[in-house]
There are 4 protein chains.
Amino acid sequence: MQATPVTRGRTEPLDRRYREVRDLTRALAAPLSDADATVQSMPDASPAKWHLAHVTWFFETFVLRDHVNGYSRYDERFPFLFNSYYEAEGERHSRQRRGMITRPALDEVLAYRDHVDAAIVDAIPDLPEAARSLIELGCHHEQQHQELFLTDILHLFAQNPIEPAIWPAERKVPVDMPGPIRWAEHPGGMVETGHDGRGFAFDCETPRHAELLHPHAIADRTITNREWAQFIADGGYRDARHWLSDGWAWVNENAIAAPLYWEQRDGVWTRFGLDGRRPIDPAAPVTHVSFYEADAYASWAGARLPTEAEWEAFAGDRDPRGGNFLDAAGPVEPRPAREGGGLFGDVWEWTGSAYRPYPGFRAAEGAVGEYNGKFMSGQFVLKGGSCATPRGHARASYRNFFYPHQRWQFTGVRLAKDI
Amino acid sequence: MQATPVTRGRTEPLDRRYREVRDLTRALAAPLSDADATVQSMPDASPAKWHLAHVTWFFETFVLRDHVNGYSRYDERFPFLFNSYYEAEGERHSRQRRGMITRPALDEVLAYRDHVDAAIVDAIPDLPEAARSLIELGCHHEQQHQELFLTDILHLFAQNPIEPAIWPAERKVPVDMPGPIRWAEHPGGMVETGHDGRGFAFDCETPRHAELLHPHAIADRTITNREWAQFIADGGYRDARHWLSDGWAWVNENAIAAPLYWEQRDGVWTRFGLDGRRPIDPAAPVTHVSFYEADAYASWAGARLPTEAEWEAFAGDRDPRGGNFLDAAGPVEPRPAREGGGLFGDVWEWTGSAYRPYPGFRAAEGAVGEYNGKFMSGQFVLKGGSCATPRGHARASYRNFFYPHQRWQFTGVRLAKDI
Amino acid sequence: MQATPVTRGRTEPLDRRYREVRDLTRALAAPLSDADATVQSMPDASPAKWHLAHVTWFFETFVLRDHVNGYSRYDERFPFLFNSYYEAEGERHSRQRRGMITRPALDEVLAYRDHVDAAIVDAIPDLPEAARSLIELGCHHEQQHQELFLTDILHLFAQNPIEPAIWPAERKVPVDMPGPIRWAEHPGGMVETGHDGRGFAFDCETPRHAELLHPHAIADRTITNREWAQFIADGGYRDARHWLSDGWAWVNENAIAAPLYWEQRDGVWTRFGLDGRRPIDPAAPVTHVSFYEADAYASWAGARLPTEAEWEAFAGDRDPRGGNFLDAAGPVEPRPAREGGGLFGDVWEWTGSAYRPYPGFRAAEGAVGEYNGKFMSGQFVLKGGSCATPRGHARASYRNFFYPHQRWQFTGVRLAKDI
Amino acid sequence: MQATPVTRGRTEPLDRRYREVRDLTRALAAPLSDADATVQSMPDASPAKWHLAHVTWFFETFVLRDHVNGYSRYDERFPFLFNSYYEAEGERHSRQRRGMITRPALDEVLAYRDHVDAAIVDAIPDLPEAARSLIELGCHHEQQHQELFLTDILHLFAQNPIEPAIWPAERKVPVDMPGPIRWAEHPGGMVETGHDGRGFAFDCETPRHAELLHPHAIADRTITNREWAQFIADGGYRDARHWLSDGWAWVNENAIAAPLYWEQRDGVWTRFGLDGRRPIDPAAPVTHVSFYEADAYASWAGARLPTEAEWEAFAGDRDPRGGNFLDAAGPVEPRPAREGGGLFGDVWEWTGSAYRPYPGFRAAEGAVGEYNGKFMSGQFVLKGGSCATPRGHARASYRNFFYPHQRWQFTGVRLAKDI
C-alpha cells in the first residue's frame with residue numbers, strides 16, 4: 001500500500017500495475033467482516049464481496065478464458081453470480097438479489113482472487129497485445145469498482161442505526177473558509193474535446209472532436225458545505241421555482257431536505273462518512289448531492305452548471321493526478337480546496353450535459369462493448385474525479401455518469417454562467 | 001372548419017386567429033360523449049374535458065385576469081381544477097386524479113369556453129401588446145393541447161375492449177411502397193440553429209446560436225411499417241445488443257414486442273387508430289414507437305438517430321406548413337410520404353438529442369416561464385410535427401420533447417449515420 | 001317509487017317484484033350524468049353504469065340464455081364487459097379497468113336494461129321453477145348492487161374537489177342525543193343460527209345450525225358521532241395499544257385519523273354524504289369506519305365487538321324490515337336511532353367473526369355457486385343492514401362481509417362485552 | 001445437545017431448562033457464517049443474528065431489567081435494534097431493515113448471549129415467582145424463534161443460486177407409501193377446547209371453554225408429496241373452481257404452480273431443504289404449502305380443512321411430545337408418518353379456523369400482552385407442530401397462526417369432511 005501519489009505512464013510494467021491495483025482493492029476490504037461484505041443496501045449498490053468477485057471474473061473471463069490455453073474456471077458457478085450486465089456473457093443473477101449470496105464467503109472470494117491473480121501474473125509474459133490491453137482495461141475497470149466499493153459500503157453503514165465508523169479517525173482540524181467564487185471567463189470558440197490518444201481511455205471518451213463553446217464563465221472552486229447550509233436556510237428545498245419538474249417531484253416524494261447523510265443533531269448539521277458521524281466541515285465542498293439538487297442550487301445562485309465541454313476546456317492541461325484522490329485505504333473525504341484548485345479530486349462535479357455518444361462514437365467490439373454505450377440515456381456527465389477515485393484514474397476527458405436523482409457517490413457542484 | 005391548409009402570417013387579425021384555433025378544438029370534441037371527455041386513461045394522458053377547460057383557464061388567467069379590468073372569474077373553483085403545473089399559480093388538483101372530475105360536465109365546460117371566448121374577443125381591440133402576445137402564446141398553447149387531445153382520446157378508446165372508432169372512416173386504398181432510403185450527405189461545419197426571430201416561437205427554441213456539425217448523412221424518408229415488421233420478424237425486440245440498457249429493462253418489464261396499438265390478429269399486424277382497428281399500411285411511416293424502440297431499430301439497421309441540429313440543418317428552409325398535418329377534425333393518421341418528402345407532418349421524429357437548454361437560454365418571465373425550462377431533464381427532442389399537429393404550428397426550430405419510454409404520440413423514426 | 005316500507009312475502013307476484021327492484025335501480029341512476037356513471041374511483045368500486053349493466057347481464061345469462069328458447073344476446077360483447085367474477089362464465093374485463101369503458105354510453109346501457117326487462121317480463125309466465133328462483137336470486141343480487149351503487153357513487157363524488165351533492169337536500173334539524181349505552185345480558189347457552197328456511201336466503205346463510213354462546217352483554221345502540229369524536233380527541237388513532245397489528249400498520253401507512261369522509265373545517269368535524277358536505281350530526285351513528293377502527297374503538301371503550309352468533313341471538317325475532325332502510329332514491333344517511341332501536345338499518349355493524357363457512361355449508365351448484373363461498377377468507381361479517389340497503393333485503397341471518405380495512409360502505413359499531 | 005426426546009414437567013429445575021433451550025439455539029447457529037446470520041431474505045423473515053439477539057433482549061428486558069437490581073444493559077443501543085414489535089417498549093428498528101445490521105457481528109451477539117446467560121443463571125435462585133414465570137415464557141418464546149430461525153435460514157439459502165446445504169446429509173432411504181386415508185368419525189357434541197391449565201400455555205390458548213362440534217370425520221394422516229403431485233398433474237393450480245378468490249389472485253399474481261422450494265429438474269420434482277436440493281420423497285407429508293393451497297387441495301379432493309376445535313378433539317389426550325420434532329441441530333424434515341400417527345410433529349396442519357380470540361380471552365398484562373392478541377386478524381390457525389418445532393413445545397391447545405399466503409414454515413394438510 002502506498003501513501004504517495006501514483007505516477008506512472010504506459011511504460012510501467014504491466015504486472016506491477018496489475019498487482020498495485022489488486023492490492024489496493026484488497027486493502028479496502030481489510031476492515032470488513034464477512035457480513036459487511038455480503039449485504040446489499042439498495043438496488044443501486046452492490047455488496048463489497050460482489051465487487052471483489054466481479055472484477056476478478058472480468059480478468060478471468062476476458063483474459064484467462066479467452067487468451068490462456070488450458071485455463072479452467074475456478075468455479076463454474078461464478079460467472080452466473082458475478083457477471084454484472086454483459087448480455088453477451090449469458091444469464092446472470094438478478095442485480096437486486098446480489099445481497100442474498102451469503103456463500104461463497106468473503107474468504108472464498110479472496111481465495112478466488114488469489115487464484116486468478118496467480119494465473120494472470122503467470123500469464124502476462126506470454127500474452128498477446130490484445131490480452132494485455134484487456135488487462136489494462138481490467139485495471140481501470142477495477143479502479144472504478146474501488147470507488148463504488150467505498151461509496152456502497154458507506155451507504156450500507158449509513159443504514160445501521162448504530163452508525164459504525166469503517167475507519168475510525170481523529171477529528172479533523174477546522175480550516176479557513178475559502179474566499180468568494182472567482183469566475184474564469186472564456187470568450188467561446190472552437191475547442192477540441194475527448195481523449196487525445198495519450199494513455200488509456202474508455203470508448204465513450206472518443207473520438208476526440210471539435211466542439212463550439214459559447215462565451216461563459218466558470219467558477220474557480222466548488223460550492224462549500226457552508227454555502228449549501230445557506231441554501232437550505234433560505235428555503236431552497238421548498239421553493240419550486242428553482243427545481244426541474246422531475247427534481248421537484250423527487251424532492252417531494254422522498255421528503256428530501258438536505259444532502260444524503262446530513263442530519264441535524266442538536267441544531268448542528270452533521271454528516272455520516274467513512275469515519276462515522278461528524279459535524280460538517282463548513283469549508284469543505286458539499287458532496288452527496290443529486291443533479292437535481294445541483295441544478296436547483298445553481299438556479300438559486302443565479303447561475304447554471306457547466307457543460308461537459310466547458311469543463312473540459314477549463315481543465316485544459318492541468319495535471320489530473322494532483323488533488324485529493326484515493327491513494328490508500330482509509331476514511332477519504334473531500335477536503336477544503338485551496339482557492340483556484342481542486343478541479344481534479346475531492347468531488348465529482350455535475351455538468352449540465354446529458355451522457356450521450358460523441359460524434360462518430362463506436363462501441364468497442366465484443367462483450368466489453370457493453371461497457372459504456374448502452375448506458376447513454378437518462379444520465380448526466382460528471383467530471384473531475386473524487387476523493388474516492390483512485391489517483392491516476394481520472395483525466396480531463398473522463399466521462400462519469402449517473403442518473404439525476406442519484407447521490408450516493410461523492411458528487412458536488414461547480415457553477416458556470418453565460419457572459 | 002377548414003379543409004385546406006392554414007397559411008397565415010403575423011398580419012392575420014388576432015381575433016380571427018383566436019377564433020380559428022378555438023373552433024378547431026371544439027370540432028375535435030364534437031364526437032365525444034360526456035363520459036368520453038371525462039375519463040383519464042393513464043397518468044400521462046388527460047381527459048378531453050380537462051384539455052378543453054385548461055386551455056380556457058390559460059386565457060382567462062393570463063389575459064383576462066391580468067389585463068382586463070373588472071373581469072371576474074367564471075367560476076372560482078376552476079383554477080384549482082384546471083391549472084396544469086404552474087407552481088406560481090398556486091395549488092392545483094393532482095394530475096393523476098384528473099379523471100375523477102365528472103362535474104362540471106362537458107356542457108358546462110363548453111359554456112365556460114363560450115364565456116371566455118366572448119370576453120376575449122370583446123377585449124382584443126383594447127388589449128396592450130403584452131396581452132396580445134399572451135393570446136398568441138395561448139393559441140400556440142391550445143394547438144399543443146389539440147394534439148394531446150387527439151392522442152389522449154386515442155389512448156382512451158384503445159383501452160375499451162370493444163374498440164370503438166372515434167371517427168369511422170372508409171378503408172384506405174393501399175399505396176405503393178416507397179423505394180429504399182436515399183441518404184443526404186452533409187460535410188459538417190458551422191450552422192445556425194434555433195429560432196430566427198421571424199414569427200412566433202417558444203422560449204426553449206431560443207437563442208438562435210451556432211452549432212458545429214460533423215460529417216453525416218440523413219435519410220430522405222422515415223421508416224415504414226413494413227420495415228418495422230421486418231425488425232420484429234428478425235427478433236429485434238428480443239436481442240439485447242440493439243438496446244440501451246434502460247430500454248432493455250423497459251422492454252422486458254412491460255413485455256413490449258411491437259409498437260403501441262399493434263396487435264397480430266389471424267397472423268396479420270393490425271393497429272388501432274382514430275378510425276378503429278385496421279391492418280397496418282405497410283407503406284405508411286411507423287408510429288407510436290418510443291425513443292428506446294427508435295434507437296434499437298437504428299442500431300439494428302446499422303445507423304443512428306439524427307441529432308437535433310442535424311435534423312434542423314436538413315430541414316433547411318423547406319416550408320414547414322406543407323405535409324400531412326391536422327387541418328380539421330377527423331381520423332388523422334400518418335400517410336405514406338412521397339419519397340424525399342414528409343419531413344414536416346405525419347410523425348414526430350425522435351432525435352438523439354437530450355432536451356436541454358440552448359446556450360444562453362433564459363426562461364420567460366412570470367408563470368409562463370414554467371412552460372418549457374423546467375422539463376429539461378430526462379427527455380429527448382422530437383422534430384417535424386405529426387398528422388395530429390395543427391398545420392402551421394410546427395417549424396424547423398420547434399422542440400417537442402418526451403420521455404424515452406413514451407409512445408402514445410404519433411412518433412416515428414428517421415435514420416442518420418456518420419460518414 | 002314508494003316512500004313506505006315494502007312488505008312482501010313469497011306470494012308477491014314475481015313480475016311485480018322484478019319490476020319494483022328494477023325501477024328502484026333506475027331511480028338511483030336518475031341524477032347521474034353519463035360521466036358520473038362511467039368513472040371508477042378506486043379498484044374496490046365499480047362505475048354506476050357497470051352496476052346497471054352487470055345486474056342485467058345476470059338476468060340475461062342465467063335466466064334468458066339458460067331458460068328461454070330462442071333468446072339471443074342483446075350484444076355479444078357485453079358478457080366480456082359485464083361479468084363480474086364468475087370464472088365459469090369465461091374471460092372478462094379486468095376489474096380495475098372498468099372505468100375505461102366510456103362506450104356503451106349510459107343511454108345504451110339503459111336500453112339494454114329495457115330490452116332484458118321486456119324479455120324477462122314476457123317470459124315469466126312460462127318459466128320453470130328453477131328459472132323463477134334465479135329471478136328471485138337476481139332480484140336479491142340487484143338489491144346488493146343498489147347498495148354498492150350508492151356507496152360507489154358517493155366515493156366517486158367525494159374525490160371531486162368541488163364536492164357536488166348527488167341529491168341536494170335541506171339541512172336536517174338537530175335531534176337530541178341518545179342516553180348512555182344500556183347493556184342487554186345473555187346467560188349463554190345453545191342457540192340456533194343461520195337461515196330458518198322461511199323466505200329467500202343466500203347459500204352462505206345456511207345450513208341453520210346450533211351455536212354455543214358464552215355469557216355476554218350487548219349494547220342497545222350503536223356508537224354515535226359524538227362518541228367517536230371523543231375517541232379522536234382522546235388520541236385513539238395514535239395509541240398503538242388499542243389496535244390490531246394489521247390495523248396499526250394500516251393507520252400509519254394511510255395516515256388515518258378519522259372516519260372516511262370526515263374533515264375538520266374551521267375546527268368543526270364535517271362529513272361528505274350523498275347530500276354534499278355537512279357538519280356531522282353528533283347524535284347519529286358513526287359510519288364509514290373500518291373493522292380495524294371499530295375494533296380499536298371497542299378496545300378503547302373497554303369492550304369488544306359482538307360475534308355474529310351473539311348479534312343474531314340479540315336480533316331474535318325483531319322485524320328486519322323496520323328501521324332506516326333504502327326505500328326510494330335520495331340522500332339516505334344513518335339517522336339517530338331511538339334508544340334500544342336501530343338494530344336493523346342505519347349502519348352495517350361490524351362483528352368480530354371472520355367470514356367462514358357454516359358447518360355443513362355447500363355452495364350452490366353452477367356458476368352462481370361462485371356467489372359467496374369463494375370469498376370466505378380474510379373478511380369479517382357485518383350484520384343488520386344500512387340506510388343504503390333496500391328495505392326488505394336484510395334479515396337476521398344475513399351475512400355481509402368486507403375486508404377489515406374497507407370503509408366506504410355505511411359501516412358502524414355496536415359494542416359487546418363478556419360478563 | 002441431546003438426541004433423545006426431552007421429557008420434562010414443571011419440576012425440572014429452571015436453570016437447567018433455561019440452559020437447554022439456550023444451548024439448542026446456539027447449536028442451530030453453529031453452521032452459520034457471520035454473513036449467513038446477517039442477511040434478511042424477505043420482510044417476513046428475520047436474520048439469524050437478529051433471532052439470537054432478540055430472544056436475549058427478551059430475557060434481558062423483562063427479567064434482568066425489571067427484576068434484578070443493579071443490572072445495567074449490556075449495550076444501550078440493543079433495545080432499539082432487537083425489540084421486535086412491542087410498542088410499549090418504545091421505538092425500534094424497522095422490521096424490513098433488519099438485514100442492514102452488519103454490526104454487531106455474530107460473535108458480538110454471541111457474547112451478548114453469554115453475558116445475559118450468566119446474569120440469568122446467577123439471578124435464578126433469588127428471583128420472585130413473577131420473574132421465574134417470565135423466564136419460562138422466555139424459554140417458550142425462544143423455542144418459537146428456534147423454529148423461525150430454521151425456516152428463515154432455509155428461505156435465505158434457497159435464494160442462493162448455488163443452493164448450499166446448511167447441514168449436508170446422506171440421501172434418505174425411500175420408504176413405503178402409506179395406505180389410503182382412513183377417516184375417524186366424530187358424532188358432534190360439546191367438547192372442551194383450549195388449555196387445561198396443566199403446564200405452560202400462551203394467553204391465546206385460554207380460557208378453556210366449551211365448543212360445539214358438528215358431525216364430521218377427520219383423516220388419519222396428512223397429505224403426501226405423491227398426492228400433491230397428482231393434484232398438480234390434474235391441473236389443480238390452474239382450475240379456478242377449487243380456489244378461494246384471494247387464493248386465485250395470489251396464484252396468478254405470483255405464478256404459483258407448486259409448493260415453495262419445489263422445482264422440476266429433468267422431469268423430476270425436487271425440493272430444497274436444510275440438506276440442499278433433492279428429489280421429493282413421495283411418501284413424506286407435503287410441506288411449504290399456503291392456506292390457499294391447502295384449501296384448494298381439499299376442494300379438489302372433495303373435502304375440507306378441519307376446524308381448530310375438531311382438530312383439538314381429534315388430538316384428544318395423545319402425547320404431544322411424540323413424533324418428529326426438533327431435538328438437535330440438523331437437517332430436520334417431515335418424515336413419512338406411520339399410518340394413523342403423525343398428528344404431532346412433521347408439519348403444522350392448516351385449519352379452517354381464523355385466528356380470533358377465544359370467548360373471554362384477555363391479553364396478558366404489560367408489554368408481553370402484545371405477544372398474541374394484536375395479531376388476531378387476517379390469519380389462520382395451524383395445529384400440531386412440525387419437524388422444526390422443539391420437542392415439548394407443542395401441545396393440543398397450541399395455536400400457531402400465519403397469513404393464508406405464507407408458506408415458508410413447514411406447513412401441511414390434513415383433510416376433514418362433514419358426515
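Good morning. I begin with the interface of chain A and chain D, where 29 residues of chain A are in contact with 29 residues of chain D, contact meaning heavy atoms within 4.5 Å. This is a predicted model, in which local features need pLDDT of at least 70 and side-chain atom pairs count only at pLDDT 80 or more, while totals for chains, interfaces and linings use all residues. Residues are numbered from 1 along each chain as its sequence is written, chains are lettered from A in the order in which they are written, and side-chain values use heavy atoms, with hydrogens and water left out.

Together, chain A and chain D bury about 2,300 Å², 60% of it on carbon and sulfur atoms; buried area is the accessible area (1.4 Å probe) that two parts lose on being put together, summed over both. On the side of chain A, the most area is lost by M100(A), R103(A) and I162(A), together 29% of what that side buries.

R103(A) also forms a salt bridge with D36(D), at 2.6 Å from N to O. The rule for a salt bridge asks for a side-chain nitrogen of Lys or Arg within 4 Å of a carboxyl oxygen of Asp or Glu, and it finds 2 across this interface.

What kinds of residue make up the side of chain A that touches chain D? They divide into 15 nonpolar, 9 polar and 5 charged, where Ala, Val, Leu, Ile, Met, Phe, Trp, Tyr, Cys and Pro count as nonpolar, Asp, Glu, Lys and Arg as charged, and the others, Gly among them, as polar. Thank you.
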